[in-house]
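Me: Can you walk me through the fold of this one, strand by strand? I'd like the cut-offs spelled out as we go.

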Amino acid sequence: MLDYHCHILPFVDDGPADMSEAVALAAELQRAGFTGIYCTPHLIKGSYDADNKTVLKVLGVLQKQLKAESINIQLIPGREYYMDEYLFDYLDDPLPMGDTNYIMVEIPNHTPRRFAQEACFRIKRRGFVPLIAHPERNNRFFPRPASKPAFIPFIDLMSGADDLKPKEPLSYLKNIGCAFQANLGSFNGMYGTHARQTAVSLKERNTYTHYGTDAHSADALKSIMEGRER
């Protein structure tokens with residue numbers, strides 16, 4: 001079983017503070033049944049901006065430590081790119097998800113929908129596939145006005161219009177070939193009722209192409225995996 005979104009690498013973002021915490025997280029992931037982990041540290045200018053060389057070096061050190069402790073998990077490189085005005089500077093020398101052409105992108109809540117569309121289109125033009133991280137958590141794309149339905153699916157709001165009327169299920173982003181990654185914790189209410197409802201809706205629409213824990217620590221993973229049957 002593969003985890004397509006995990007902040008397991010120490011030192012590089014808000015994940016484990018040291019190697020021992022990273023090993024503890026890996027041990028929990030193994031107990032949960034994972035055999036491969038896509039390491040996706042944040043890349044946010046001014047906050048978490050370790051370069052790709054550093055990320056790969058830390059990954060190699062952690063992989064050796066896991067082998068020494070008989071934790072049989074393969075670590076696969078990647079990044080979680082923050083969608084802002086610096087995104088395309090980083091994509092001049094990107095670190096995709098392993099040997100694939102997927103680029104994981106986090107769309108912040110304040111990002112205008114049209115900017116998100118344009119950014120994903122430009123990523124596609126560069127020969128990559130945007131893998132949109134946990135869209136169910138994006139409140140801007142799932143507004144909850146009193147006179148509207150409780151939630152509006154992300155893909156319905158990415159068709160180009162700025163109003164809040166539901167659109168056709170197949171949105172612009174899905175039509176240009178974007179992929180969508182769900183957080184497992186969203187399904188058990190870890191991020192609130194709204195994110196859970198949206199995650200269920202997107203799953204029912206077969207929108208999700210990848211799943212991940214988005215775990216930052218061993219304790220967080222235990223919470224994420226609670227209610228796994230749901």
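This is a predicted model: local features need pLDDT of at least 70, side-chain atom pairs count only at pLDDT 80 or more; totals for chains, interfaces and linings use all residues.

Me: At what angle to β4 does helix α2 run?
Reply: Helices (H or I, at least four residues) and strands (E, at least two) are DSSP runs, numbered from the N terminus. Axes are lines fitted to C-alpha atoms, for helices over the stretch in contact, and angles run from 0 to 180 degrees between N-to-C directions. Helix α2, residues 52–68, lies across β2 and β4, and its angle to β4 is about 175 degrees.

Me: What is the strand order in the open sheet of three strands?
Reply: Two strands pair if DSSP finds at least two bridges between them. β1 and β2 (residues 36–39) have three bridges in the parallel sense, with L2 opposite G36. The pairing in this open sheet is parallel, and the order is β1-β2-β4.

Me: And what is the order in the open sheet of six strands?
Reply: β5 (residues 80–82) pairs with β6 over three parallel bridges, and four bridges join β6 to β7 (residues 129–133), also parallel. Next, β7 pairs with β8 (residues 179–183) over three bridges in the parallel sense. Put together, the order is β3-β5-β6-β7-β8-β9.

Me: Which are the edge strands there?
Reply: An edge strand pairs on one side only. In this sheet of six, those are β3 (42–43) and β9 (210–212).

Me: Why is strand β6 largely enclosed by the rest of the structure?
Reply: Buried means under 20% relative accessible area, exposed over 50%, and partly exposed in between (1.4 Å probe, protein chains only). Strand β6 covers residues 102–106, and it is largely enclosed because the number of its five residues that are buried is four.

Me: Which residue in β7 stands opposite V105?
Reply: V105 sits in β6, where it stands opposite Y81. Towards β7, its opposite number is I132.

Me: Is Q117 buried or exposed?
Reply: Q117 belongs to helix α4. Its relative accessible area is 10%, so Q117 is buried.

Key:
Residues are numbered from 1 along each chain as its sequence is written. Side-chain values use heavy atoms; hydrogens and water are left out. Contact means heavy atoms within 4.5 Å.
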